[in-house]
Amino acid sequence: MIRFGLRLALAGGREAVLRFVVLAVAVALGTALLLSTVAGVRALDAQTGRGAWLRGTQAAAGAPSGDPVVWSGREDRFGGRGIWRIDVGLKGPNPPAVPGIPRLPGPGEYYVTQALHDLIATNPTDQLAARFTGHEVGIIDASAVPSPDALVAVLGRTPHEVGGIPGAREVTAVSNRPLRLPVAALDLILSVIAGGLLFPLLIFIGTATRLSATRREQRFAAMRLIGATPRQVTQLAAVESAAAAVVGTAVGFALFPALRQAMAAVPLTTERFFTDDLSPGVVGYVLIALGIPIGAAVAAALAMRRVRISPLGVVRHVTPKPPRAWRLIPATAGLLELAYFIGRRPETSNGQTAAFLPGFLLVMVGLVIAGPWLTMVGASLLARRARRLPALVAARRLADNPQAAFRSISGVMLALFVVSVATGVIGTMNFERGVHYGALESMTLVQYADRSGIPASVGSPERLRSVEGVTFAVALPDNPDDGPNSPSNLIACADLAAIPQYGRCAPGAEYAQIWGNLVGFDRIRTGVGADTVWPASPVTAEQAKTLTVDTFVLGVDGSAAGLERARTALELLYQDYGVPPLTEVERGSDSRSQMMLFQRLADVIMLFSLPIAGCSLAVSVAAGIADRKRPFSLLRLTGVPMRALRSVVALESVVPLLAATVLAAGTGFLAAQLFVRAQLHYDLKAPDWTYYALTAAGLAVSLAIIAATLPLLQRVTGPETARNE
């Protein structure tokens, strides 16, 4: 049976070969994407585990320990990139071991990653290298850092120096236990990728299996009528599908290295993955290699249930029962589930995942279930308004088998739903959380201290005015009248008069109340400029001398070099900083990076799902034409013009396509509104023009695909077809 099944698959004519090739291509894409998905999740876990020791967490009891070390980990920044700086103060000759370096450095020594070493070597000393006092003694091994681009430095200082840094602690053994991602995060990643990529791909595979489905069922039914057993028919079908799946799986494995290199080159988590980490693992390889062909064989066996029950049930075709309105229940239930959590959002991330993900998945599945019923409704409306033959025939065909009609555009609908949800959520978050920065925000470098303030021994930042690129330097004391709506700091009116671009004092005031960054924060920022009058403070010059100075502010000339020189000089002046000196633009970069990550994920979904959905549409339309070539040939023989037949095929695809577009977009935005309202307490914002352009482009491509399949109609509907079928 296996040999006969392979012969049917490969030597059964052009239709059989075409079906084999399309199914193999669909399985190949699915295999490659599935391998990439599993590899990406494993790489994310590996990336987190590689840098576990950088946190400097005390290892559990029983772990090998050494002499105490005062440990401080803090951030720094250069050229828009984050640097993780670890200061250590050794209290004995036998410090604990850490990955990546032979030993912890002593005072005046430091280790850096290769990426940071290259950055130091290619930039002027006063912009970066001067921050790392001492001399380099080695490179941190790549196996101990999260990414090939990671900027990490481990500096040796005295225990007293490190102890003065906020957050410093003493450890005797450094934990290298990976910080596992929360189950919620993994579920989120898997569900987004599965919903956005694998769902349309599964539909593509299912559509490919329908190529020549009618002919295959009739062929197997004929075998049953001449004596083949149900088991033999099932085996033949399973062999055909499994053979294509085996070839597709092999091609998918061959495509995976290229996708792996592409994934390694893109910073999906704002940092690139190591190529070696992008692997599904031995177990993943084996499960995917065996599971896909087995799954294809099982699916083919299940698809032969009509033939197994009765071969006459295939030969004597009966119109399937029309879909009922109950098909709307799953999608409605998913939307109601999302709506239920408005005002009832769980507090934990795991709880939020359990609350929202089932709702989104239920809506996606519900749209697929509801599609045939909506197609039937659209067919009824088309029939009522039809005045010509093509519309009447198309409406009759749609009403006769709405399941098959909807199947051709289900991939497009799911892709558009995912794009609508992603666009709605990300666009709303960008609108609500985004801040439009001006020139002042990018040219004002601020160094904050902890509550104890900046020690007097640090001195005044005024001496930094001589640094190239620095335009002004001021020290701001804490505002003793720091109420809920009062600015956090004070500034001498003489200092403010020297920088009029930030505003001015009220007449007669000696000190003014001002925000520590001179421009305000997020929604508090209201267009600070030369016309801004800051509220006066009753504090006198004598009283100001007794107040704690907790903020240094430097103005820079707007150049990247000037900014880094100012940052380096400020860090050398105040070496015990907990948070590095940053501009307000840089301070908001983490939030923007997260938004960029979400947007990148949405772009990936759009990039892959829409072409896959287009392939599903093309295959489905072509399969429908091939399965109905005899009826179309008979219509041509009766005098129906080819133009009318093309109109029939086009209407059969366009009507459900337009209905699915409206349904998917509307449902997607409704689901997005329910989510942002429940999770973020926002109201959905209308998408920008790019969404409408993308949707229009997707529709245009879909219509072009439908048009591209129409020439096939003339080729397969000649008189010989009517005679030979």
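1. Let's start with R103, which is partly exposed, with a relative accessible area of 42%. For the burial words here, buried means under 20% relative accessible area, exposed means over 50%, and partly exposed is in between, using a 1.4 Å probe and protein chains only. R103 makes a salt bridge with E109, the closest N and O atoms being 3.2 Å apart. E109 counts as buried because its relative accessibility is 16%. A salt bridge here is a side-chain nitrogen of Lys or Arg within 4 Å of a carboxyl oxygen of Asp or Glu.

2. A quick word on the ground rules. This is a predicted model, where local features need pLDDT of at least 70 and side-chain atom pairs count only at pLDDT 80 or more, while totals for chains, interfaces and linings use all residues. Residues are numbered from 1 along each chain as its sequence is written, and side-chain values use heavy atoms, with hydrogens and water left out.

3. On to the charged pairs: searching the whole structure turns up 17 salt bridges. Side chains of opposite charge can pair when their charged atoms come close. One of the bridges links R131 with D76, with 3.2 Å between the closest N and O atoms. R131 lies in the loop between α3 (114–121) and β4 (135–139) and D76 in strand β1 (residues 69–78), so this pair ties together parts that are 55 residues apart in sequence. Helices (H or I, at least four residues) and strands (E, at least two) are DSSP runs, numbered from the N terminus. R131 counts as buried at 3% relative accessibility, and D76 counts as buried at 2%.

4. Have a look at helix α19 (residues 560–573) too: E564 and R567 both lie in that helix, 3 residues apart, about one turn. Their side chains meet in a salt bridge of 3.1 Å, N to O, and both residues are buried. Elsewhere, salt bridges that share partners join R74, R85, D87, R157 and E161 into one network.

5. How many disulfides does a search of the whole structure find? The count is 1, a disulfide being a pair of cysteine sulfur atoms within 2.5 Å. C493 is joined to C505, S to S 2.2 Å. C493 lies in helix α17 (residues 493–497) and C505 in strand β10 (residues 504–505), so the pair ties together parts that are 12 residues apart in sequence. The link is left-handed, with -105° about the S-S bond, and both C493 and C505 are buried.

6. Last, T48, found in helix α2 (residues 14–50). T48 counts as partly exposed at 24% relative accessibility. T48 and P146 are 98 residues apart in sequence, with 6.5 Å between them in space, C-alpha to C-alpha.
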